[in-house]
Amino acid sequence: MTVDVVVPVPLDRTFTYLVPDEFAPDVSCGVRVLVPFRQRKLTGVVVAVDLAADGSTLDFKAKPIAEVLDETPALTDEMLRLTRWMADYYVCGWGEVVRAALPSGTEVATESYLRRTEEPIPEDWTNHRRARALLADLEEHDSVTLKGVRRRLGTVPLRLVRKLEDEGLITMETRVSDAAVTVKEETHLRLSEPFRSPGAVRDAKEQLRGSKQQLVMEVMAEFLAQGIDTPRQADVVHRADASYSTIGRLVEMGLLESLEMQVNRSPLDDLGPPAPPPDHSFHPHQAAALEEITEAITEERFESFLLHGVTGSGKTEVYIAALKAARAQGKTGIILVPEIALTPQTVQRFRAHFGDRIAVLHSRMSLGERFDAWRHLRHGRYEIAIGPRSAILAPLENVGLIVVDEEHEPSYKQFDPAPRYHARDVAVMRAHMNDAAVVLGTATPSAETYANAQNGKYTLLPMPDRVPNAAGTAVTMPEVKVVDLTLERKKHRLEGAMSETLYEAIEERLAREEQVILLQNRRGYAPVIECEGCGWAPECTDCAVTMTYHKARGHLRCHYCGLANRLPRACPECGSHELTQIGTGTQRVEEELAERLPDARLLRMDLDTTGRKNAHHQILERFRTGAADILLGTQMVAKGLDFPRVTLVGVVSADVGLLLPDFRAEERTFQLLTQVAGRAGRAELPGEVLLQTRNPDHTLFRAVKHHDFEGFMTHVLEERKMLRYPPFAKLTVVEFRGPKERRVEEEARKWTGVFRRHAEQQDGPIEILGPEPPMVGRVKKQFRFHTHIRVPRTAEAPALQPLLRAANESYGSPPRGYHIGIDVDALGLF
């Protein structure tokens, strides 16, 4: 018996292994196995089983698998098909996709541990620079991993390690590491069979001499009366103020039983029970949309829907009703939400309808929480998964509905590491594989999705009206006003980041005890520090960007790699003390607001204030309960929030992102401004939006002001068609990176040349641009070059993926320390 296995390496192939007889009953497709791979062991997944083969027909000597790690397959046949499609479409290794589909921390692998012996260094090694550095490091650090040595010293070739081992100067030991996360268990207690009644407990107490033993039995009886027959041992000890030895003695006496029970680690435990759902009656557009979606679910027919509803139109209620229809059919569901919009408010709305049948998956969960959510989804305890892009790989079976909320969000695209997939497009494919319905919901569809709806690939479900308020009155869209900052400055009505017009509007709301949301999509205090004497600006030593000043901690921080330095008191170039703080971040706006409105209660929500677990929830809960008047933040405040007393939204700098050298800059800015504008006036109170800009005549602001999505998108699509950009072409960006700029450029030109030769053999048009350095040419000590490949989105255009794979095969592997990443359907140019 042989099996084909994929391992988590960037290789587009499977590997064949023998199955020892003792493992044969446990091996099937989707099971994780520990396999030898070169000089180590890796966790792989079985993707094919050949019961008749014994390895004798192979043209190489197959190795046996070392261990079977699962009792039931970790991946279903459907997930194996989906991950295979992702590997083919996004041009990466199947094993890389499988790794993304499995919970982090469950891998079993081997590590190489190095130790310095007592052998003296021979003279012929004393002039070997790398060998001296390695030996010195091992003398300083006893028994360390090869990975740790490379982290400190950089490149350490394995052949050098082998030579030093042969010379007896070091030893290398291979050890199998345990998985970083496993099932967690804790001790529970239970009254023994004869003592599970109040009278029996009283009789048992009379036989006990110790007061603590008697108190423990009383506590156990109290838990039993509350319907808890197996309380946690820690809770019993705490309530009885007893010791663990007292518990142990009662177990020995046969009065109590000790049980080890699995713990379900869930972030939902911190939220408490959700409020009862309101009784909604659907308006006509909601009802029409739901009817079409439900029909597809009931008929088990694949169909893609674009639910195009303005902000406040009730899209979430349609999602919930459609999910109920899927559950009524015995189907499961996946709800994708952008990470920044995955608020407790959103989760609780679904929990109010589906209770504890929901699992949440997101990056801020601990390894244990994510593992427990994954295994309970896999074994059917949960039927609904809610989360950001990775939730599309949730291990659910019998999927009937997939929802992609805010489908336009760029956070649905994975950038690094591979697979560089778009969760929206994977959602459409997964729905197709399951004969399921997929709903793409948004107020501002992406150009690609809107074009698909226009050409009939997706079914368009318009919802142009807001949901009526509690009194049944129609809720209108907020009035949007554009504030010309250049004109405000001429009128001496602009000091700092905010105009008098915006301040006056805020003061009006504070006087009426209403709430305000302010968007400034830059964190920190000042994006740039510049010396007035010589023009010096502090740059990150590892990235080709200037560092942002964070006043709260008094340091400069790189927003690409996280490097932090103290702000110098004087310019290191000329010694001048005149260091100007240019630009405005959320910290600066917060400071100006506190000076101008000292009595206003202010909350700031950005990456710096939401780093702690549950900080996001705590900030929003304080704002929801009226403990704050103003919520200031980055794009975190633009989505997924519904507060009835918010009547004013102010955008401090609406130009942020608009002038970036990217063909999607206008589209993304329009989407962000429209989304944040939609936070205002969502209930009885009317809303107003003020956009501060230095480009008031820009087409985009006219469209936002008049809530004119169709007019704006018509302009965008005309421009894209003329320039041959998506959705009228497929764009692939190939990134080359490494520590030496010249070598990166050489490898980029070499690979691009190989690809050009393959492309020239095709009949259809393929446009190749580059390689050239992107706008940020160095990130985390890695120099970068990009090659852009565009293919028309027509039937005559050649398939790009086979050409990319052929180029990779002809080029071979990049040098050690250098990397090539292929981004199919790239979202940006830098």
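**Helix and sheet packing in a predicted model**

Helix α14 (residues 423-433) lies across β11, β12, β15 (399-405) and β16 (437-442), and runs at about 160° to β15. Lying across implies contact, meaning heavy atoms within 4.5 Å. Angles run from 0 to 180 degrees between N-to-C directions, with axes fitted as lines to C-alpha atoms, for helices over the stretch in contact. Helices (H or I, at least four residues) and strands (E, at least two) are DSSP runs, numbered from the N terminus.

A word on sources. This is a predicted model: local features need pLDDT of at least 70, side-chain atom pairs count only at pLDDT 80 or more, and totals for chains, interfaces and linings use all residues. Residues are numbered from 1 along each chain as its sequence is written, and side-chain values use heavy atoms, without hydrogens and water.

Now the sheet. It is open, with seven strands in the order β13-β14-β12-β15-β16-β11-β17, and the pairing is parallel. Pairing takes at least two DSSP bridges between two strands. β13 (358-360) and β17 (459-463) are the edges; each has a single partner strand, so one side of each lacks a neighbour in the sheet. From one strand to the next, the twist averages 15°.

β17 pairs with β11 (residues 303-309) over five bridges, in the parallel sense. L307 stands opposite L461 in β17.

Last, a helix pair. The axes of α3 (residues 129-140) and α4 (residues 146-153) come within 11 Å and cross at roughly 115°. A133, L134, D137 and L138 of α3 meet V149, R152 and L153 of α4.
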